[in-house]
Amino acid sequence: MSASVPWVNLDLPTLRQNLLHLFCNVAYKEGDFTLSSGQSSSYYINGKLVTLHPQGAVAVGRLLLPQIRPSAIAVSGLTRGADPMVSATSVVAAYEGRDLTGLLIRKEAKGHGTQAYLEGPTLPPGSEVAVLEDVVTTGQSALKAVQRLRDAGYTVTQILALVDRNQGGAALYQGEGLEFWSLFSLAEVQRHWKTLDGNLVGSP
C-alpha cells in the first residue's frame, strides 16, 4: 500500500492496486449469503463500503474516468449502488477539466412533485450517458438504468462496473449492443483476498 502518498496523486496502476486491496479489506466476505437476485452465494461483495470510503471514492472516480467515452456528457446509474460512483466520477471529471453531469435513477418513480425516475439536470435529447454499477451479477440492475435513460430520450452505449461476478451480466450487455468494461474480475478479487491470509484490517 502507498499510505504515505495521497490517493489523488498516485499513478493509476498503483491506485488500482490500492483499490483492490481496499475491496478485499472491507467489501469482500465469504460465508452463506442471499443476493438481491435471489441467488445463493458463498461470498458477498458490498461495493458501497468501498465507494463511500473517502480514498475509495477518489480511486473509483480517477480509475473510471479514463474509460468513459469522450462523447459522453453524463454518468448515471441505479440508486443506491451507483450513487456514490456517479458523484465521485463527476467530481473527478471536473478537476480534470471535463464536464460530466451526474444523473441518479430511482428504482420507482417518486410519489410526489414531478414523479420522475431521474434526478439531475435535464440534458439535450440524444445526449450520451455512461451507466455505472458497483458489482455486476446478472446485469439486470444496470440494464434497468439503461432503459430508464433511453426512455428519457438519452443515448447509452456503455456500462462500466467495479467488479464483474461473471454470472451472465457481460453476455446480457453484449446481446443488447452495449459496451461493457469492469475494473476487476471476481477471480482477481478472490486471488488477492487469499494472499492476505487473515491479515485484513479495517482500512488501507
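Pro13 is found in helix α1, residues 12-27. Helices here are DSSP runs of H or I with at least four residues, strands are E runs of at least two, and both are numbered from the N terminus. This is a predicted model, in which local features need pLDDT of at least 70, side-chain atom pairs count only at pLDDT 80 or more, and totals for chains, interfaces and linings use all residues. Residues are numbered from 1 along each chain as its sequence is written, and side-chain values use heavy atoms, with hydrogens and water left out.

Pro13 is exposed, with a relative accessible area of 62%. Exposed means over 50% relative accessible area, buried under 20%, and partly exposed in between, for a 1.4 Å probe and protein chains only. Pro13 and Leu63 are 50 residues apart in sequence, yet their C-alpha atoms lie 9.2 Å apart.

Next, the helix pair. Helix α3 (residues 54-64) packs with helix α4 (residues 83-95) at about 65 degrees, and their axes are 8 Å apart. Axes are lines fitted to C-alpha atoms, for helices over the stretch in contact, and angles run from 0 to 180 degrees between N-to-C directions. From α3 come Ala57, Val58, Val60, Gly61, Arg62 and Leu64; from α4, Met85, Ala88, Thr89 and Val92. The residues of this contact divide into seven nonpolar, two polar and one charged. Ala, Val, Leu, Ile, Met, Phe, Trp, Tyr, Cys and Pro count as nonpolar, Asp, Glu, Lys and Arg as charged, and the others, Gly among them, as polar. Contact means heavy atoms within 4.5 Å.

Now the sheet. Six strands form an open, mixed sheet in the order β5-β4-β3-β6-β7-β8. Two strands pair if DSSP finds at least two bridges between them. β5 (118-119) and β8 (179-185) are the edge strands, each pairing on one side only. β7 (residues 158-164) pairs with β8 in the parallel sense, over six bridges. Ile159 stands opposite Phe180 in β8.

α4 lies across β3 (74-78), β4 (101-105), β6 (129-136) and β7, and runs at about 175 degrees to β4. Helix α5 (residues 140-151) touches β3, β4, β5, β6 and β7, and its direction makes about 160 degrees with that of β6.

Finally, a residue of strand β4: Ile105. Ile105 is buried, with a relative accessible area of 0%. Beyond its neighbours within four places in sequence, Ile105 is in contact with Ser76, Gly77, Leu78, Thr79, Tyr117, Leu118, Ala145, Arg148 and Leu149. Gly77 is 28 residues from Ile105 in sequence and 5.9 Å away in space, C-alpha to C-alpha.
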